[in-house]
Amino acid sequence: MIKGSIPALVTPFKNGALDLETLKKLVDWQIAEGSTGLVPVGTTGESPTLSHEEHETVIEAVVKAAAGRVPVIAGAGSNNTVEGIRLIRFAERVGADAALVVTPYYNKPTQAGLIAHFTALHDCCTLPIIIYNIPGRSVVDMTPETMGALAKLPRIIGVKDATGKIERVSQQRASCGADFIQLSGEDATALGFNAHGGTGCISVTANVAPRLCAEFQQATLAGDYAKALEYQDRLMPLHEAIFLEPGLAGAKYGLSKLGLCEEEVRLPLIGLTDGTKARIDAAMRHAGLIN
């Protein structure tokens, strides 16, 4: 089962090009630190500024580096259904365990359009699909009723929910069933999300604090919410600081402080301001990640 702490991996760059050696080292480090899955080329992996060839290269590199040790959930979303079919078929071909498919952004489909889009991706391959519902970026919000209709398809197995609405977990349990996998897409509210019935988080913060995020998730899944709250208190300043500017830039900066990755991001994103760096430094010290 897909559950626990699943980092939405950054995509390392060096002088504008993919840095695959660093990516492989990050995969090994994440698994050693207790992460229970990996998501390459989500938004945190800078998928909007990767070429199709780079997108595919990163998926294949992560699948090979993971070598079956944890599930790889490949980012395969698009607002173009034909393009999404290409990406998900590639992910299946190179051995990904599942695909993360975002609700189509910018063109604002209806709920019926969402059903048609996800059905087409479901029917084009045999890969399990996790819906990524993030209305703050895609503008369209998949309703629990629509998700319930899609959950009837055998390979639509779960959701990454970034609505920020904790009650959605309960609503989606009612519409999709208790076995439908519900993963938080918001680090800061993952505690409440799991208390409502979620089973994990596709996390940005876990790029920087994988062991703490994994132990936090283990505590919630064991029902030890007192212990989980202690982890939440350690991690909350980092959750906040990483997202003061685009989260992937914050995650790369945090990794650079650990000596694991360059800060380099692609335009239109830019490096962090000094004030945000100072906030992340303080949050990492609070979490015990740096001195």
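**From loops to a helix pair**

Tutor: Asn15 is exposed, with 75% relative accessibility (over 50% is exposed, under 20% buried, in between partly exposed; 1.4 Å probe, protein chains only). The model is predicted: local features need pLDDT of at least 70, side-chain atom pairs need 80 or more, and totals for chains, interfaces and linings use all residues. Numbering starts from 1 along each chain as its sequence is written, and side-chain values use heavy atoms, without hydrogens or water.

Asn15 sits in the loop between β2 (13–14) and β3 (17–18); helices (H or I, at least four residues) and strands (E, at least two) are DSSP runs numbered from the N terminus. Its phi is positive, about 55°, although Asn15 is not a glycine. Ala67 is another non-glycine residue with a positive phi, near 50°. Ala67 belongs to the loop between α2 and β4 (73–75). With a relative accessible area of 57%, Ala67 is exposed. Pro268 is in the loop between α11 (247–257) and α12. Most residues other than glycine have a negative phi, and most peptide bonds are trans.

Now for the close look, at helix α10 and its partners. Start with α12. Helix α10 covers residues 225–242, and helix α12 covers residues 274–287. Their axes come within 8 Å and cross at roughly 165° (lines fitted to C-alpha atoms over the stretch in contact, with angles from 0 to 180 degrees between N-to-C directions). The two helices are therefore roughly antiparallel (over 145 degrees; under 35 is roughly parallel, 65 to 115 roughly perpendicular, the rest oblique).

Who touches whom? From α10 come Asp233, Arg234, Pro237, Leu238, Ala241 and Ile242. They meet Thr276, Arg279, Ile280, Ala283, Met284, His286 and Ala287 in α12 (contact is heavy atoms within 4.5 Å). The residues of this contact split into eight nonpolar, two polar and three charged (Ala, Val, Leu, Ile, Met, Phe, Trp, Tyr, Cys and Pro are nonpolar; Asp, Glu, Lys and Arg charged; others, Gly among them, polar).

His286 is partly exposed, at 46% relative accessible area. Setting aside residues up to four places away in sequence, His286 touches Asp233, Arg234 and Pro237. Pro210 is 76 residues from His286 in sequence and 15 Å away in space, C-alpha to C-alpha.

Helix α9 (residues 210–221) also packs on α10: the axes come within 8 Å and cross at roughly 155°. α9 and α10 are therefore roughly antiparallel too. On the α9 side, the contact uses Leu212, Cys213, Glu215, Phe216, Ala219 and Thr220. On the α10 side, it uses Tyr225, Lys227, Ala228, Tyr231, Gln232, Arg234 and Leu235. This contact also divides into eight nonpolar, two polar and three charged residues. Arg234 of α10 meets α9, and Arg234 also takes part in the contact with α12.

The largest nonpolar core has 45 residues (buried Ala, Val, Leu, Ile, Met, Phe, Trp, Tyr and Cys joined through side-chain atoms within 4.5 Å). α2 gives the largest share of this core, seven residues. Apart from it lies another core, of 32 residues, Ile280 among them. Ile280 is also one of the α12 residues in the contact with α10.
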